[in-house]
Amino acid sequence: MLEIENLHVRAGDKEILRGLSLKVAAGEIHVILGPNGSGKSTLMNAILGHPKYEVTDGKIFFEGDDLTALKTFERARRGIFLSFQNPEEIPGITVENMLRTSKQAVTGDKIKILQFHKELLALMKELQINPEYAGRYMNVGFSGGEKKRNEILQLLTLNPKLALLDETDSGLDVDAVEIVSSGVAKFHNEKNSCVIITHNAQILKHLPVTHAHILLNGRIVKSGGAELVGEVSERGYAQFEVTP
Amino acid sequence: MKNYIADIERALYDVRDADKSIYKSDAGLTEEIIRDISKRKNDPPWMLDFRLKSLETYRTIDLPTWGPDITALNMDEIVTYVKPNAAQVNDWSQVPDEIKNTFDRLGIPAAEKKSLAGVGAQYDSEVVYHSVQKRLTDLGVVYTDMETALIEHEDIVREYFMTLVPPKDHKFAALHGAVWSGGSFVYVPEGVDVKIPLQSYFRLNAAGAGQFEHTLIIVEPNAKLHFIEGCSAPRYNVTNLHAGCVELFVKDGARLRYSTIENWSRNMMNLNTKRALVERDGLVEWVSGSFGSHVSMLYPCSVLHGDGARCEFTGVTFAGKGQNLDTGAIVVHAAPNTSANINTRTISKSGGAATYRSAVKVTKNAPHAKCSVNCESLMLDDESRSDTLPVMDIEGDEADIGHEAKIGRISEEAVFYLMARGISEDEARAMIVRGFVEPIAKELPLEYAVEMNNLISLELEGQL
């Protein structure tokens, strides 16, 4: 589904990703672990083509097609979704309006307003989001936890092929992490994939993690199975440091 | 009342001073022309006198020297602006394509297009208008054009006409007093709640396409009215001066909501004067959209004259290429416990200039006044300009005054966020702009809100 080859990305003058390669197949759940500043968020943003991040070398393929020349919204329409670490506040646009517009853009179908409304409320109930929030402005005045649940609401509404989750669990209390985690579990099936950045093993509890990678200084220094997550939480990243 | 008027004048025209206008004579505008206008309109003698006095006043006042540059207005040729019917286009083919295209894209029906461009009467709305008339008459409400009001309700017109905006107020008020023509008159008797909004849109006609129209609305104690002026499609006029006047009288416990969309064609100087006098526990609500014109100077004023009088002002201004829109609001707190809320959004793009200008005055007679001002500006590119010029003059005791101003740009992170949800870049930007004006749009009557959103999309298309 996703294939990244020797990716080099710079932001401003700084090279952040330095030859990163990653392969994610349908049905897989990958976890990316790494200390702050190792390039995790840059990777997520680069996959979606954030204009601030310049790909200087390497390629990103999605379902066999090279994404490099595509704009962000074209990548999203192909089925890539990013749950933001810090979701933007957008005054004047309601959650429902935004989600309906997105769904229409991604599917290309005309959305039936009433039916959409019903489905949205059902999903909100599952994620324990107050139904009034459908009419509130996007993330404006939301708590950190509410913003993250709103991201999962978007994930479930848009139902992409590849979900990138950038620290969706950070800043959440135990119960909220549980809600987010079961939201991701609901989304996941054998046809789609997840790439999850986390510092916290708890979000992975309900998820059948297939791969884990350690990202240090812009490169993946070690890949393995779910067991890597445990190793990192016990012993930290120092063991993986590579001396140049 | 004179004192309060003097107050307003000071607040607004403080800056007017020594600079002697080069347009001293205005030779073109003669007593003869005024007499001719008056005769044609069958004015009663006092109105002719009023016009002639206004003409004298007009000759003694200079052009304002503050605000946008309006020297492009050739006052020596003023006569061509005011000669009845000289202004009208008679032929649809003479209407500029740019205007026609906008009509098409807003989905305005053919008959209305011609009406808006001043080349025909608005046939479709006639029927609606007449059925509305019947219901109003049953309630004792008078809703008619100013000329008819002057014949059928002469006493009322005489009592109120240009008492709130006196001709000596400024040059264009004086000009208006001399040459006014057309406009709407509404009288709502005590205690009557007019449940349907009255729309001047129904009343547009070729003769009064609105250059010097006068609107006079009187809402008697405990009565209620929503009046909607204008329309969001561009109104085209070959001449380039609009100097209308709106006077609103809101009596004890009465409520008046006055909604406007001003969207003059891009050749216009829009120098409109609007003022409301609000008595005890009365409420005036202004909802004001300014989109068109080359230059606008528009600052609806609320004089809170009775104890507990209130004002709500909600405004949006969108200045594009070649436009200089100077808009805002004035509030005069002239009685105890009066309160006002001003909430505006301005947008500028492609080199347009949008200025928010306001004056809040709290007189000595107005203890415990409350006023909150919130103005936000969005600049869509580096060549556009946005300014915020709030003036506060507080003399009353224990005033509670708040002011919040923000000038900013579209957040690129927000654009990325929307694009990451599959929304195209142009649409993402348009959504953010629409979101920015949403607090205003939701105050507009639905069809106007929809049209305003269409307008914004049209304005943004291909620009970003």
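Select Gly236(A) to begin: this residue, just after helix α7(A), takes a positive phi of about 75 degrees. Helices (H or I, at least four residues) and strands (E, at least two) are DSSP runs, numbered from the N terminus. The model is predicted, so local features need pLDDT of at least 70 and side-chain atom pairs count only at pLDDT 80 or more, while totals for chains, interfaces and linings use all residues. Residues are numbered from 1 along each chain as its sequence is written, chains are lettered from A and ligands numbered from 1 in the order in which they are written, and side-chain values use heavy atoms, without hydrogens and water.

**Helix α7(A)**

Now select residues 227-235 of chain A, which form α7. Its buried residues (under 20% relative accessible area, 1.4 Å probe, protein chains only) are Leu228(A), Val229(A) and Val232(A). They lie on the same side of α7(A) because they cover an arc of only 105 degrees around the axis, taken from the directions from the helix axis to the C-beta atoms. On the face turned away from the buried side are the exposed residues (over 50%) Glu227(A), Glu234(A) and Arg235(A). Among the elements covering the buried residues are β3 (29-33), β11 and β12 of chain A, where contact means heavy atoms within 4.5 Å.

**The sheet**

Next, show β11 (residues 211-216) and β12 (residues 219-224) of chain A, which pair in the antiparallel sense over 5 bridges. Two strands pair if DSSP finds at least two bridges between them. Leu215(A) stands opposite Ile220(A). In this hairpin, 2 residues sit between the strands, and Asn217(A) takes a positive phi near 50 degrees.

Within it, β9 (residues 162-166) and β10 (residues 193-197) run parallel, joined by 5 bridges; Leu164(A) has Val195(A) as its bridge partner.

**The cores**

Which residues touch the most other members of the largest nonpolar core? Select Ile4(A), Leu7(A) and Leu153(A), out of 109 residues in that core. A nonpolar core is a set of buried Ala, Val, Leu, Ile, Met, Phe, Trp, Tyr and Cys residues joined through side-chain atoms within 4.5 Å. Helix α12 (residues 425-441) of chain B gives the most to this core, with 9 residues. A second, separate core of 50 residues includes Val157(B), Ala243(B), Leu271(B) and Val332(B).
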